Amino acid sequence: MSRKVLISFLGTGPFVENNSVRNYKSARYHFDGDADNVYYETKFIADALNRRYGADKIILVGTVKSMWEEVYLSFGGQADEYYFELAKVCQNASHESKLSLPDIGRLKSTIGRDAEVVLIHYGLDAAEIETNAGIILGLEGMLESGDRLYVDVTHSFRSLPMYLMNTLIYLQNVSRKDIAIETITYGMLDVNRELGYAPVVDLKPILYINKWITGAYALKEYGNGYQIAGLLGDKNAVTDRILEFSDVMNLDHLYGIKQQAGRLLPYMDASLYKPIPGMIVPPVIESFSDEFLNEEYDFRFQYKVARWHYAHKNYNSAIIDLLESIVTFVRDYCNLGNAFEASEQAKVILGKVPGKDFKYNPEFARKKISEYLESIESPEIRTRVDSLKKFLEHLASELSLSSDKDSRMMRDRINPAGKNMLELVYTINPIRNAIAHPKDLKVITVDHMVDMLGRCLSLMELIVELKPY
């Protein structure tokens with residue numbers, strides 16, 4: 001059975017006039033949704049929250065100087081010896097005080113059977129802020145899977161609400177515990193005199209905004225729009241388009257990416273959405289439109305997708321798409337048509353042995369290119385193929401200019417000196433094979449793979465500037 005857990009932050013209060021004790025002023029708290037005549041009158045909002053929600057567990061957070069003596073009174077204590085001892089310690093505390101209270105077990109037992117008292121620093125410098133962040137994040141250890149949180153920031157001390165919000169974002173997005181945040185309340189004591197009561201407002205929409213922000217980040221950076229689609233609610237045209245686009249991005253379905261990016265274009269109009277999604281969704285759609293659309297040639301589009309994956313560290317997809325871009329370029333440059341067989345013929349020109357994987361075989365590549373050149377009747381296409389061969393060999397020489405010892409060692413392992421025919425392809429493909437079959441190319445480290453893939457993308461950028469027709 002899930003528990004109701006109240007988390008409330010405690011500040012300091014003023015001294016009562018002509019007295020040596022501190023005291024919160026009593027207020028009538030009214031919760032949104034309650035009948036107009038329902039109030040919870042108390043000096044301490046955690047008491048009102050406990051009565052309103054019936055908490056199974058209470059966690060109070062504050063500094064040593066916070067009004068722990070008022071907590072003791074509000075939850076059933078008396079103005080006894082312990083009260084005055086607690087008041088003395090708290091009132092005389094400073095930012096240098098150790099994080100401890102006298103007989104803290106007694107204070108916790110007065111608050112409730114299952115209560116926690118969490119002490120933090122003032123947060124006066126970077127070290128205290130970092131320590132406090134760790135303490136607040138440590139609240140997760142006091143929670144159980146299935147807990148329902150009722151959080152209050154009314155008496156929060158200085159920067160505590162920021163710590164709290166980050167903790168809640170963590171619990172909501174990262175924690176393995178299935179924790180639900182029911183409310184984030186703030187008692188508006190500043191309007192108590194004007195209204196005759198203090199409205200208790202729910203700040204939970206802040207977390208809703210954060211969901212939109214994290215969802216937009218996932219869509220923009222990784223092409224994952226699943227959270228955005230969920231936030232948009234019931235399935236409709238835009239959620240369908242976003243889900244379909246996310247699926248093809250995760251599949252790295254090149255044709256599907258181009259198609260689905262185009263189908264998102266009608267939903268760049270902010271007026272189609274409520275205010276928050278209207279500020280978030282259209283700019284992300286526009287970024288994909290700018291990135292993937294308006295390309296005349298398929299190989300340029302494929303190269304752009306490869307470059308996008310590389311920039312977003314999806315290296316395996318970048319390798320596959322870059323190889324596809326090269327094959328498509330050769331297909332178009334040699335005017336082979338656009339059928340499936342044309343791409344297979346382009347791979348043969350690049351040195352693929354029929355019926356075998358696309359592996360390094362320079363002798364076979366030279367032979368097949370020579371045979372292909374001899375079989376071509378059109379002088380124009382013969383010239384194009386021969387130019388392609390020379391151009392790719394030029395790129396190979398550019399690639400060989402690397403002075404980095406490790407990069408040279410990897411390059412020589414892939415293509416021994418003097419066998420650099422079409423080295424761009426023969427550099428990319430072994431990187432892909434090294435990922436799938438790491439024992440085959442032990443010399444290649446992960447850093448080498450990423451570095452050489454980046455070099456290959458830079459060289460391919462020269463190719464995509466050419467017009468194939």
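## Basis and overall make-up

Contact here means that heavy atoms lie within 4.5 Å. Among contacts in the protein between residues at least 6 apart in sequence, 62% join residues at least 24 apart. The model is a predicted one, in which local features need pLDDT of at least 70 and side-chain atom pairs count only at pLDDT 80 or more, while totals for chains, interfaces and linings use all residues. Residues are numbered from 1 along each chain as its sequence is written, and side-chain values use heavy atoms, with hydrogens and water left out.

The protein has 20 helices and eight strands, where helices (H or I, at least four residues) and strands (E, at least two) are DSSP runs numbered from the N terminus. Of its 469 residues, 48% count as buried, a class that requires under 20% relative accessible area, with exposed meaning over 50% and partly exposed lying in between (1.4 Å probe, protein chains only).

## Helices H10 and H11

The axes of H10 (residues 237-251) and H11 (residues 254-263) come within 9 Å and cross at roughly 160°; axes are lines fitted to C-alpha atoms, for helices over the stretch in contact, and angles run from 0 to 180 degrees between N-to-C directions. H10 and H11 are therefore roughly antiparallel to each other, the term for angles over 145 degrees.

On the H10 side, Arg241, Glu244, Phe245, Val248 and Met249 take part, and they meet Gly256, Ile257, Gln260, Ala261 and Arg263 in H11. By class, this contact has five nonpolar, two polar and three charged residues, with Ala, Val, Leu, Ile, Met, Phe, Trp, Tyr, Cys and Pro counted as nonpolar, Asp, Glu, Lys and Arg as charged, and the others, Gly among them, as polar.

## Helices H13 and H14

H13 and H14 (residues 315-333) pack at an angle of about 165°, with their axes 8 Å apart, and the two are therefore roughly antiparallel to each other. The contact includes Phe299, Tyr303 and His309 of H13 together with Leu322, Thr328 and Arg331 of H14. By class, the contact of H13 with H14 has nine nonpolar, five polar and five charged residues.

## Two loop residues with positive phi

Most residues other than glycine have a negative phi. Asp103, although not a glycine, has a positive phi of about 45°; Asp103 is found in the loop between H3 (81-91) and H4 (104-111), and at 48% relative accessibility it counts as partly exposed.

Asn294 also has a positive phi, near 65°, and is found in the loop between H12 (275-292) and H13 (298-311). With a relative accessible area of 73%, Asn294 is exposed.

Key: Angles under 35 degrees count as roughly parallel, over 145 as roughly antiparallel, 65 to 115 as roughly perpendicular and the rest as oblique.
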